[in-house]
Each structure stands twice: as structure tokens, then as C-alpha cells.
Amino acid sequence: MAKLGIKFPDTDSLPIEDTLEMARIADAVGFDSLWMSDYKSGDPFAVLAACAVVTERILLAPGVAVIFNRAPTTLAMAAASVDTISKGRFILGIGQGHRAIVEDENGLTFDNATERMVEYTAIIRALIRDGEVQHRGRYYTLGYKPWVKMYRDHIPIWYPPMFPASAARTGALADGAVATQLTAARAGQLVQWVKRGAAEAGRDPAEVEVGSYLLTVVTDDKQAGRAMVKRHMAWYVGTFTRYENLMAKSGFEEAGVAARAWRVGDQARAARLLSDELADSVAIIGDIDECRGRIQEYRDAGLEHPIIYPMPMTERETKRAFLDAVQLIG
């Protein structure tokens, strides 16, 4: 049966009561997974633990928890706690984050991110599997034995790949992929890269599930929807070089010009420089039927676990955007 996930919008405008109501609704109508960013909207492990109490079947996941912000044992215990509270309904999305966030916003050092991810993953796997861990590596040397028992001896770990090398690493090491800002064509490529990476590592490619956030604006006003997506994407390409490169490799050369405009402080111009084609290709914009058709395009390209990422026009419309997107489950 085709899977479909949904993500909380990134906002600080909702009280926790609304967040929990949204989680209950997503669970009740049949979404397979519910995701939350590890960025400015509250601690995802705390919020998802609360969601676990008020839901019954939906999978819960941070997308993605940044490895530099927590020690590997701390993150593993947070994951194990939500896994226990949810009775095994937890996916651990982890990623290296971005230099701009890790250093500029958190005052930490962003270095050797890829190698750290591999070692970090090994520590989490060992602790969850064995109930304790002794590790001596290049970046972490530690011994840890918690007082609590794990609910499961394996919590699925999902990585956020964007390019061939990270996709191959995901296929080799992770249980799943959660990407973002992909065109349907790019999603199809990513699936192939991940599956190939799994096969080359001697794994069954079917064991690695490939998902992606799909920026979604349910609206009858497509121009307004495009404008909002362009503002969002201008921030992404202007703040994170990785996404500037992704847009360029996806065929949108204007992303580089927009990124430069953003970095010199001309944010409005940066958004205007992005094309309607870019907005229509990396986001799902339109009425319910149009949006469902676009989700099917991603499935036809090979994406196994589409994840709706509702985009509110304003912070005050966050809950409404989520509830509008919930209709896509039909």
C-alpha cells in the first residue's frame, strides 16, 4: 500500500494543544508518519514524546536531529525514550546539519561532518542493540551503560541525502532516507543512488526506504503559493550553499544569482529572481486534486515515502495549512 507522511510546519506560532490536536488528526486519518524539524520549533524529542501519548499507530520522527547539537549517547537515549513511550513507533532521522546553524546559531564547531556521522551512527546502533556501549574512535571515546532497558534492539535510522555520495552512504548504513527540496526527476535519481549504494554494500536495496519532504501549498491561488515558495527557497539557497548547489544541479541556474542577492541583504530581489518553474518543480502547489496528482508524479518516479510539508502563507495560518494538507490522504 502506498505510504504518505506529513510534517509539522516550521513555526513557533502554535500552542502545544494545537500541535497535539494536529498529531491526533494525522494519526486518525491514516498518515503513516509524522515528522518534526530540529530547528527553532521546540525540542523534537519532547514534542514527539507528547505526540506519542495522544496517538496510536502513526510513526514519529525528527527530520532530522543534528548530530553536532547532542552527544551520541544523549541523542540515543532521547530516541530510546520516545521509542518506549510510542511502543516502537519511532524513526530516528539524523543529519550533520549546516555550518550556518551549527556555528553561527549554536556556537559549536562544524568539522569533519561526514566522518562524524558514520562514527556517531555506530555508537547509537551499539547502544540501542546491546544496552551499553564502549567506543574508542577518531572523534568519540566513551563508555556508557544506562539504567533503563531499550524497548527495541533496533531503532530505524534515516539519513538526509542530497547528492550521489551521501545517497550511497545512506544505502550502505541507514534504514531510510528523508530528503527535501527535490524535483520529481531528482527524487527518481536519489532512489537509484540509494538503492545502488545498498547493493554495493551487500545489503538488500529493499531494506532501505526512500522518502522526501514535499513542500506543499494547498491553495486556489497558485501565484500566491508560488510567491511563498520562492521566499522560502530564497532563504534556503541564500543561507545554505548545499541547497544552492542542489538547485543548480536540478537545472535552476538562477539559484546562484538569487543566493548572492540574499547574502548582500536584498531578500525581496532574491525571491523575485527565482522562477515559477522552480517553484512548481520543487513544491506542490494547487487545489486538492492538483496536489494529489503531483504526489503521484513523485511516486511514479520511484519515491517510496512521500512526506507532505505544509507551507502556511503566514504564521497565523499554520494550523489551517496543516489541516488543508491532511485532506491529501484521500
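Arg294 touches Asp280, Ser281, Ala283 and Ile284, leaving aside residues up to four places away in sequence; contact means heavy atoms within 4.5 Å. Arg294 sits in helix α13, residues 288–301. Helices (H or I, at least four residues) and strands (E, at least two) are DSSP runs, numbered from the N terminus. With a relative accessible area of 14%, Arg294 is buried; buried means under 20%, exposed over 50%, and partly exposed in between (1.4 Å probe, protein chains only).

The model is predicted: local features need pLDDT of at least 70, side-chain atom pairs count only at pLDDT 80 or more, and totals for chains, interfaces and linings use all residues. Residues are numbered from 1 along each chain as its sequence is written, and side-chain values use heavy atoms, with hydrogens and water left out.

Glu254 belongs to helix α10, residues 254–263. Not counting residues up to four places away in sequence, Glu254 touches Leu273, Leu274, Ser275 and Leu278. Between Glu254 and Asp220 there are 34 residues of sequence separation and 27 Å in space, C-alpha to C-alpha.

Helix α3 (residues 72–85) and helix α5 (residues 113–130) have axes that come within 9 Å and cross at roughly 50 degrees. Axes are lines fitted to C-alpha atoms, for helices over the stretch in contact, and angles run from 0 to 180 degrees between N-to-C directions. That angle makes α3 oblique to α5, since angles under 35 degrees count as roughly parallel, over 145 as roughly antiparallel, 65 to 115 as roughly perpendicular and the rest as oblique. On the α3 side, Pro72, Thr73, Leu75, Ala76, Met77 and Ala80 meet Tyr120, Ile123, Ile124, Leu127 and Ile128 of α5. By class, this contact of α3 with α5 has 10 nonpolar, one polar and no charged residues. Ala, Val, Leu, Ile, Met, Phe, Trp, Tyr, Cys and Pro count as nonpolar, Asp, Glu, Lys and Arg as charged, and the others, Gly among them, as polar.

Most residues other than glycine have a negative phi, and most peptide bonds are trans. The peptide bond from Gly63 to Val64 is cis, with omega near -5 degrees, and Val64 lies in the loop between β3 (59–62) and β4 (65–66).
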